[in-house]
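Biologist: Can you take me through the helix packing and the nonpolar cores in this one?
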Amino acid sequence: MSKIEIDKQSGCCFGVEKAIKKAEEELQKGGTLYCLGDIVHNNIEVERLTKMGLVTINHEQFKELKNVRVLLRAHGEPPSTYEIAKENNIELIDASCPVVLGLQKRIKKKFITRPNESGQIVIFGKKGHAEVNGLLGQTDESAIVIESKDEIESLDFSRDISLFSQTTKPLDGFQEIGELIKSRMEDGANFEFYDTICRQVSNRVPNMHEFAKRHDLIIFIAGEKSSNGKVLFAECKKYNPNSYLIHHPDDLDPDWIKKDITIGICGATSTPMWQMESLAEKIGALIPEMEVEKAAF
């Protein structure tokens with residue numbers, strides 16, 4: 001019996017869901033609503049909200065606006081964004097993720113209360129990522145961003161180091177970097193490790209392993225810009241070589257679909273459930289007798 005299972009734990013995290021819901025609520029009020037950067041790393045969802053009236057802008061365009069409404073997405077923003085909004089009489093609809101805001105406060109507090117200015121604040125994250133830019137802003141751009149364990153060589157192990165992480169990075173990679181830095185610290189220098197990984201995201205990895213192993217075929221749908229999508233898909237591929245990454249339900253290759261197989265559909269933290277359901281419908285149309293169900297766990 002052919003069966004499709006949609007992973008219940010896939011789909012938008014609560015921070016992204018909150019941002020999308022706020023955008024929809026504000027758009028219903030009428031008038032122009034701007035969004036500072038893509039509201040989510042998912043082109044289909046961005047296009048849907050654009051048709052509803054959401055206007056996406058970059059930071060340079062933001063500086064030129066006055067007397068308008070601007071939505072801040074889940075990734076968070078640096079202090080400079082709030083300062084510009086105040087100067088230009090911009091009404092901010094702040095949809096920053098609470099987890100990200102909490103991390104910003106922790107980094108700012110560490111920056112302000114450092115016992116000596118020679119201490120290094122280090123952020124494990126993707127350079128140029130919106131969340132990381134917001135975190136850097138809490139330190140007057142003085143924090144050091146590292147993307148991999150190879151980059152710890154840029155650190156001075158004779159000086160204090162406080163290590164934080166972008167909320168969506170893999171937990172195991174962050175812990176490995178922490179152990180490597182700790183082992184390199186020189187006498188007289190202190191090392192502080194702050195576990196700032198969002199568990200709603202990191203907990204998806206072990207679930208993805210089990211989900212991928214349960215099916216003959218995995219189809220993972222995520223936006224092209226989704227870093228989280230790339231990471232989670234790699235985990236699927238590791239446990240089920242018969243896994244495919246697509247960016248739109250229309251990217252489905254009918255040749256993948258065979259009779260009498262189980263198909264697992266999953267996605268990134270920026271993939272709305274409706275996109276996975278749309279993909280399931282497309283597959284179901286190829287084999288009408290195929291059963292479709294959401295995962296029970």
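**Helix packing and cores**

Modeller: V100, L103, Q104 and I107 of α5 meet E131, G134 and L135 of α6, where contact means heavy atoms within 4.5 Å. These seven split into four nonpolar, two polar and one charged, with Gly counted among the polar. This is a predicted model, with local features needing pLDDT of at least 70 and side-chain atom pairs pLDDT 80 or more, while totals for chains, interfaces and linings use all residues. Numbering runs from 1 along each chain, and side-chain values use heavy atoms, without hydrogens and water.

Biologist: At what angle do the axes of α5 and α6 cross?

Modeller: Roughly 30°, with the axes of α5 (residues 98-113) and α6 (residues 130-137) coming within 9 Å. That makes α5 roughly parallel to α6 (angles under 35 degrees).

Biologist: Left-handed or right-handed crossing?

Modeller: The crossing of α5 and α6 is right-handed.

Biologist: Switching to the largest nonpolar core, which residues touch the most other members?

Modeller: V16, L33, I39, L54 and L71, out of 20 residues. Such a core is a set of buried Ala, Val, Leu, Ile, Met, Phe, Trp, Tyr and Cys residues joined through side-chain atoms within 4.5 Å, buried being under 20% relative accessible area with a 1.4 Å probe, protein chains only.

Biologist: Which elements give two or more residues to this core?

Modeller: α1 (14-27), β2 (33-36) and α2 (43-52). α1 gives the most, five residues.

Biologist: What does L33 touch?

Modeller: Leaving out residues up to four places away in sequence, L33 touches A23, E26, L27, G53, L54, V55, R69, V70, L71 and I93.

Terms used. Axes fitted to C-alpha atoms, helices over the stretch in contact; angles between N-to-C directions. Helix = DSSP H or I, 4+ residues; strand = E, 2+ residues; numbered from the N terminus. Parallel < 35°, antiparallel > 145°, perpendicular 65-115°, else oblique. Left-handed = near helix turned anticlockwise from the far one by under 90°. Buried < 20%, exposed > 50% of the residue type's maximum accessible area, 1.4 Å probe, protein only.
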